[in-house]
Amino acid sequence: MNIIIIGGGIIGLSAAYYIRKAGFEVTVIDRHDITEGCSFGNIGYISPSHFIPLATPGIIRQGMKWMMSSSSPFYIKPRLNVDLLRWGLHFKRSANASTVEKNAPHLNNLLQLSRSLMNDLKEDLDDFNLIEKGIFMLYKSAVTGRHEKELAQQAEVFGLKTVICNRQQVQDYEPETEVDVAGGVLYLDDCHVHPGKLMANLYAKLKSMGVSFVLGRGVSAFEKRGGRITAVQVGEQKIAADEIIVANGSWMPQIARLLGTQILLQPGKGYSMAFDNLKHNLNYPSILVDDRVATAPIDRWLRIGGTMELSGHSQTVLPKRVGAIYQAFKKYYPQLDLPLPDVTKAWYGYRPVSPDGMPYIGRHSRYRNLSFAGGHAMMGVSCAAGTGLLLSEMMRRQPTSISIEAFSPERF
Ligand SMILES: Cc1cc2nc3c(=O)[nH]c(=O)nc-3n(C[C@H](O)[C@H](O)[C@H](O)COP(=O)(O)OP(=O)(O)OC[C@H]3O[C@@H](n4cnc5c(N)ncnc54)[C@H](O)[C@@H]3O)c2cc1C
């Protein structure tokens, strides 16, 4: 069986890893060369703590407020676009307590499965700086503090270990610099990696395992017969396929359309900046909750990032929003000597964001050999290993390790 995976981001490569391990022939097609994109410059968290899907009650009101400020962490480029309107409608419908309550356990299962599988990858790949000390949620306001403590209680119900800290206790974890916060919650099951190294080492591993790669050209058409996709067109080349997995990140709706199906997804652009050779650095990664900024230290290196811009695949960098990430960092760590970055050169990537904040993992009824894997929004790295394992089980037509009903690509 030749299994074709369209997209060589972290989801496509993780799928290739588990499917190849299960004994199938695998071909990964990517229109670039697997050296750049959303899976490379992200923050690198593998965070079971993110079990609440993005579409939560109150988020629309908060989003409206943020829209009023040019330096806030959220922005929608106003435009008349049918896909965006449909996506927005479903987002609004999903942002309620009962949908969140229904979806959170499924997301928790996928996150915890993925977290436990990181041990496979750690053993099997060259070092990608897996740091297993946890991730802090830091807050400045009392309201956020109350909310974070409630979340920590929910996390404990899901089996996660948390440590609730006051200001001094947070400071005790950070010997090298002052932390200006009211308190924080440390999620001990969370960990972080260098995402660029994870991608490079996974890619190298797949080549050594005999996975084939067709790079530098995108998929432009499909050949179909008798309810099956029989071949994929890539430039002049036609590649025969027994199974097709669509895993091309925020561009999934385009491939879905070529196949006469529909996937609701918006690119959620985010920025990051990296700093090296820092004399003083953070000891723990942290989410600066009130400002929606994330930090990821590795030795003397530090990456910070944030913002969610729904502006399509726009390549414009908005300096005020990038600058706001740096300014937020300075509010929480006022003493840390972080050079002022050239905000116009910030890295950016497009998170694949579904309307309910749940990924798409599963077969599609339109063709007997079509599956989708993507839409993990800010959790692509966190959920990659589990997604890969589930796909390998689907390819073997075995029961899956966890229920995948909530991830159905046909749910909208
Ligand atoms: C600032 C920022 C911080 C983040 N931090 C984290 C984090 O800490 N933890 C976490 O879990 N997630 C994080 N994320 C989210 C994470 O990066 C994404 O969820 C993840 O990278 C998505 O992976 P993917 O494989 O689905 O898509 P991508 O990485 O976008 O890969 C899709 C691939 O498909 C290819 N492609 C597209 N169209 C075609 C076509 N027609 N034919 C062939 N190939 C095609 C593209 O070239 C690309 O290589 C962050 C994102 C951002 C922007």
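**Ligand surroundings, a helix pair and selected loop residues**

A backbone N or O atom of Arg-31 lies 3.2 Å from a nitrogen atom of the ligand, a polar contact in the sense of a pair of N or O atoms within 3.5 Å (within protein, one must be able to donate a hydrogen and the other to accept it, and residues adjacent in sequence count only if both atoms are side-chain atoms). The model is predicted, so local features need pLDDT of at least 70 and side-chain atom pairs count only at pLDDT 80 or more, while totals for chains, interfaces and linings use all residues. Residues are numbered from 1 along each chain as its sequence is written, and side-chain values use heavy atoms, with hydrogens and water left out.

A polar backbone atom of Cys-38 is 3.1 Å from a ligand oxygen atom, and a polar backbone atom of Met-378 is 3.0 Å from a ligand nitrogen atom. Around the ligand there are 33 residues, counted when one of their heavy atoms lies within 4 Å of it; Asp-30, Ser-39, Tyr-45, Ala-377 and Ser-382 come nearest.

Most residues other than glycine have a negative phi. Ala-377 sits in the loop between β20 (370-374) and α10 (380-395); helices (H or I, at least four residues) and strands (E, at least two) are DSSP runs, numbered from the N terminus. Ala-377 counts as buried because its relative accessibility is 7%, where buried means under 20% relative accessible area, exposed over 50% and partly exposed in between (1.4 Å probe, protein chains only). Thr-307, in strand β17, also has a positive phi, near 70°, and is buried at 6% relative accessibility.

Ser-49, between β3 (45-46) and α2 (59-67), is buried at 10% relative accessibility. Beyond its neighbours within four places in sequence, Ser-49 is in contact (heavy atoms within 4.5 Å) with Met-137, Leu-160, Tyr-187 and Asp-190. Asp-299, in the loop between β16 (293-298) and β17 (301-310), is instead exposed, with a relative accessible area of 62%. From Asp-299 to Asn-283, the C-alpha to C-alpha distance is 8.3 Å, across 16 residues in sequence.
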